[in-house]
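User: I would be grateful for a close look at one part of this structure, namely its aromatic rings.

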Amino acid sequence: MSNQVTSRSLASRLRERLQSVSPFSLTLLGLVGVLGNIFPQVEILKLFHVFWFFAFWPFVSMLISGSKQSIGLDTDDEAGPRDWLDMDSGWRGHLAFLLGVPLSFFNPLVFRQDAMQLLGSLVAIGRHRGSLPEPETHAQSTDYRLPVEGTWTVVNGSPIKEHSHSWFPATQRYAYDFVITDEEGRSRPAGTDTSIENYYCYEEPVLAPADGVVVDVHDGDPELGRAGGFSHPFKRSMTGNAVTVRHAEDEYSCLVHLVPGSIEVEPGDSVTRGERIGRCGHSGNSAEPHLHFQVQDHPTFEVSAGLPVRFHGVDVDTPGVDVTEQTGWTEPDGSGRYVHVGQRVSAPSGGEPTRRDDTAGSSEAMASSGLSRARMLGRVGIGFSIGGFVTVLAGAIAPSLQTVALALAALAGLGLFYQVGRDLIDGNRIGFGSLGTVCGVGVASALVGAFAAQDIFTTLDSSGVGTGMFVTGFLLYIAVWEYGQRDLFQVISGVADK
């Protein structure tokens, strides 16, 4: 009997150890394969490229889980907090998922962001000296309200690891997905199709969760007219249209998937708690209209660490399983409260907020000017990374660096034509800042062309060159925003203290 107990104990501990190994960590071993591309002496290290396939683990896990549930093979009898919801899109949702994986992989704009999230988690972990923020110890500086009006449902997200939005990457660890549901748990009326206008939350106001200064805005991302698991195949960002607001030192809120053209603020604007900044939409990586909300420690989505967020003045109803009772999780002491997946949440209406004076003060003007430079140089870094990804992809088809350089030049030309044409149609002033990404791709094209013209670089293959360019662009992106965070925003605090 004791041997059986010991055996079970060892098996249990082994299972726990295996479960603690994150596919994210295994994915990063793919970087070792890059050394095999750059140095012929260690070419055997190319075998480590197989670890890149672990990047698809979340997708495979979701697909297997969804397929088992749809055909009744799910052997987990334990009730879950989402069981009362009726949001299953059936076989169409699984089909949309299968189609979305290759589309995202071969979309250089989205793949760049996905890869930077993985690498950025390393940066975030390093910034916190190996220990990311936790609900029990994180000291929140700002009183946050819900970023919506009325009653919404938390369909993803919790400070509890087992029920979190995404424990990895680090940026989305404490994120939330909000939708509006009826009493039956549907996000659209029964019997209606998946047109986005049928979803209860579509085009509902999205509000600033606290006073702050807008640091970044991404608008103009396309939105597919259908949901049910489908998102726009030519999206330019996984976040879609989004707004990032600085509320305090190392505290930024990010509001994602907004309706294109609905954003009412610009970088450098001051916003007031409860002020409308846009409308809930279906842009970016979105299975159906919803609001993705997170608080992070950095102005950039890709390299930030998610922060656990307490909401003030929030009323909570739990129609299904209470995850706090299911897991034995105890709310840490502190003001405000955490919300969890499966709960319906609402904030008492406080009336229309009074918008701050649109005339920026001297500190805000200086910060806005610095932000413009940071965004411009950051986009150049993004463009250079995109050029690196295209170099790897194009090199697999046509290994000649001359051919790759021409492909990058064509991509930069198309990007220039698109951006200039869009600015002219929208009546916007054509500035260098809006062309930063195009310039980055152009620099990448010139660099690959220079490599191809020099005999000394003939030993380099396109995968090694492209990977080096991708990492270089990412490092530039990090450096630019680190400067922006640590120095430019000190202007606001410095002037305010005088």
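How many aromatic pairs does a search of the whole structure find?

Analyst: This is a predicted model, in which local features need pLDDT of at least 70 and side-chain atom pairs count only at pLDDT 80 or more, while totals for chains, interfaces and linings use all residues. Residues are numbered from 1 along each chain as its sequence is written, and side-chain values use heavy atoms, with hydrogens and water left out.

The search of the whole structure finds 6 aromatic pairs. Rings of Phe, Tyr and Trp (its six-membered ring) pair if their centres lie within 6.5 Å; planes under 30 degrees apart count as stacked, over 60 as edge-to-face and the rest as tilted. One of the pairs joins Trp-167 and Tyr-174, which is edge-to-face because the ring centres are 5.9 Å apart and the planes stand at 80°. Another joins Trp-329 and Tyr-338, with centres 5.8 Å apart and planes at 70°, so this pair is edge-to-face. Ring pairs also link Tyr-176, Phe-178, Phe-293 and Phe-311 into a cluster.

As to burial, buried means under 20% relative accessible area, exposed over 50%, and partly exposed in between (1.4 Å probe, protein chains only). Tyr-174 has 3% relative accessibility and therefore counts as buried. Trp-329 is buried at 16%, and Tyr-338 is buried at 2%.

Trp-167 has a further contact: the charged end of Arg-173 sits over its ring, 3.9 Å from the centre. The charged end of Arg-173 also sits over the ring of Phe-168, 5.1 Å from its centre. A charge sits over a ring if NZ of Lys or CZ of Arg is within 6 Å of the ring centre and within 35 degrees of the ring normal.
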